[in-house]
Amino acid sequence: MLAGLLGTGEDIADRTKLDLGIAALHARKFTVARYFLEGLSRTAKSPKVKAGAFNGIGIMQLLGGNYQDSTLSFKKALSLYSGYHPSALNLGMLQAKFGDFANAKRTLSGVPNTWLVESVRLVIERHLGNSSYAASLCNKLLSAKPSHKPTKVNCALLELEENKNFRKARRLLQDAVKIQGGGEQWDDTIYKLLEDIDNAEFNKQLQANK
């Protein structure tokens, strides 16, 4: 969730400090990153640089598992510079992660479309029940990245929960489990969903035979 942080037209000294702070953040040198970013959050002249500093602070808090404070930092960045898309993306992703889908949709409404943004929108629209739009996003996202495991799982969930298309859901899940990476939690989810499909199809057959 390290959305881009840099802009143009800001004070050169502050921009240099922001660049240094972000470089340290990417290198996981958090003491150095905190020195530059927290300083800029107090003294930067440009609202955009100040927003970048708060965004970086929010990422550090997020990496430390401090979701509440990271949310506040992303919101602070947006209050300073409402068009700061990296913070909007990070906040929207956090809101979606914790089930606040309506607010996540509003947060992302002004963020330009990228593959990552639309992958978050897929999750949001699926949970909000907008199955037609979510299905169009599935087609678009998987056409661009057919081997992206989380997207295949989310598209399988759409077919399973909204469309009751067990066959298509199973195919997506069977494809997903063959894809390397993504972490054990995704494979655990896939196997659980495949088991749920087996049970649903078995119960459906029982009902049909009565």
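Predicted model: local features only at pLDDT ≥ 70, side-chain atom pairs only at ≥ 80, totals over all residues.
Reader: Got it. Back to H5 and H7: at what angle do they pack?

Author: Helix H5 (residues 85-97) and helix H7 (residues 115-127) pack at about 25°, and their axes are 10 Å apart. The axes are lines fitted to C-alpha atoms, for helices over the stretch in contact, with angles from 0 to 180 degrees between N-to-C directions. H5 and H7 are therefore roughly parallel to each other. Angles under 35 degrees count as roughly parallel, over 145 as roughly antiparallel, 65 to 115 as roughly perpendicular and the rest as oblique.

Reader: Is the crossing of H5 past H7 left-handed or right-handed?

Author: H5 passes H7 in a left-handed crossing. Left-handed means the near helix is turned anticlockwise from the far one by less than a right angle, and right-handed means clockwise.

Reader: Let me zoom out. How many helices and strands does the protein chain have?

Author: The protein chain comes to 11 helices and 0 strands. Helices (H or I, at least four residues) and strands (E, at least two) are DSSP runs, numbered from the N terminus. The C-alpha atoms fill a box of roughly 75 × 30 × 30 Å along the principal axes.

Reader: What share of the residues count as buried?

Author: Of the chain's 210 residues, 43% count as buried. Buried is under 20% relative accessible area, exposed is over 50%, and partly exposed is in between (1.4 Å probe, protein chains only).

Reader: Which residues are buried in H1, then?

Author: Asp14, Arg15, Leu18, Gly21, Ile22, Ala24 and Leu25 are buried there. The cover over the buried residues of H1 includes helix H2 (30-43) and helix H3 (47-63). Just after H1, Arg28 takes a positive phi of about 65°.

Reader: New topic: at what angle do H8 and H9 cross?

Author: Helix H8 (residues 131-144) and helix H9 (residues 149-162) cross at roughly 150°, and their axes come within 10 Å. That makes H8 roughly antiparallel to H9. The crossing of H8 and H9 is left-handed.

Reader: Which residues do the meeting in H8 and H9?

Author: From H8 there are Ser131, Ala134, Ala135, Cys138, Leu141 and Leu142, and they meet Thr151, Lys152, Cys155, Leu158 and Glu162 in H9. That contact divides into 7 nonpolar, 2 polar and 2 charged residues.

Reader: What does Leu142 contact, leaving aside neighbours within four places in sequence?

Author: Leu142 is in contact with Thr151, Lys152, Cys155 and Leu172. Leu142 is buried, at a relative accessible area of 16%. Its C-alpha is 9.0 Å from that of Cys155, 13 residues apart along the chain.

Reader: And Arg126, buried or exposed?

Author: Arg126 is buried, with a relative accessible area of 6%. Arg126 lies in helix H7. Not counting residues up to four places away in sequence, Arg126 touches Ala134, Asn154, Leu157, Leu158, Glu161 and Glu162.

Reader: Where is Leu157 found?

Author: Leu157 is found in helix H9, and at 12% relative accessibility Leu157 counts as buried. Again leaving out residues up to four places away in sequence, Leu157 touches Arg126, Glu162 and Leu193.

Reader: Last one: in which helix is Leu78 found?

Author: Leu78 is found in helix H4 (residues 67-80). Leu78 counts as buried at 17% relative accessibility. Leaving aside neighbours within four places in sequence, Leu78 is in contact with Tyr84, Ser87, Ala88 and Leu91.

Methods. Residues numbered from 1 in each chain as written. Heavy atoms only, no water. Contact = heavy atoms within 4.5 Å. Nonpolar A, V, L, I, M, F, W, Y, C, P; charged D, E, K, R; others polar.
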